Amino acid sequence: MLIGIVPMGGSGERWAPYPGPKELLPFGLDEHGRPLVIADHVIRRMERAGVELIVVPVRPEKATLVLGYFGHRRPSGATMVYISAPGP
């Protein structure tokens with residue numbers, strides 16, 4: 001099984017005053033003209049490479065937003081799991 005890790009644990013302090021996680025910053029469009037976020041590009045490339053399990057370390061403060069956007073299952077069939085813990 002091929003496993004990919006997409007770290008989303010940063011606090012994004014340099015992006016202030018952007019109100020959300022930098023991984024969810026809109027960046028480009030998909031083939032149907034729908035908006036994509038920065039993390040979509042990384043995850044899509046992982047899927048094309050055959051990754052079956054995507055592990056996402058994420059800060060507790062943004063876990064709900066990230067999970068709400070990506071969910072647990074990708075269209076490719078890849079599973080997404082999230083790891084959240086306080087502190088570095």
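Strands E2 (residues 26-29) and E3 (residues 35-37) run antiparallel and are joined by 2 bridges; strands count as paired if DSSP finds at least two bridges between them. Helices (H or I, at least four residues) and strands (E, at least two) are DSSP runs, numbered from the N terminus. The model is a predicted one, in which local features need pLDDT of at least 70 and side-chain atom pairs count only at pLDDT 80 or more, while totals for chains, interfaces and linings use all residues. Residues are numbered from 1 along each chain as its sequence is written, and side-chain values rest on heavy atoms, with hydrogens and water left out.

Within this pair, Pro-26 has Val-37 in E3 as its bridge partner. E2 and E3 form a hairpin with 5 residues between them, and Gly-33 in the turn has a positive phi of about 85°.

A further 3 strands form an open sheet in the order E1-E4-E5, with parallel pairing. Strands E1 (3-5) and E5 (79-83) stand at the edges with a single partner strand each, so one side of each is left without a neighbour in the sheet. E1 pairs with E4 (residues 53-57) over 3 bridges, and here Ile-5 stands opposite Val-55.

Beyond four places in sequence, Phe-70 touches residues including Leu-24, Val-37, Ile-43 and Tyr-82 (contact: heavy atoms within 4.5 Å).

The structure also holds 5 salt bridges, each a side-chain nitrogen of Lys or Arg within 4 Å of a carboxyl oxygen of Asp or Glu. One of them joins Glu-31 and Arg-44 at 3.4 Å, N to O. Glu-31 lies in the loop between E2 and E3 and Arg-44 in helix H1, so this pair ties together parts 13 residues apart in sequence. Glu-31 is exposed, with a relative accessible area of 61%, whereas Arg-44 is partly exposed at 25% (buried: under 20%; exposed: over 50%; partly exposed: in between; 1.4 Å probe, protein chains only). In another salt bridge, the closest N and O atoms of Arg-74 and Glu-47 are 3.2 Å apart, and both residues are buried.
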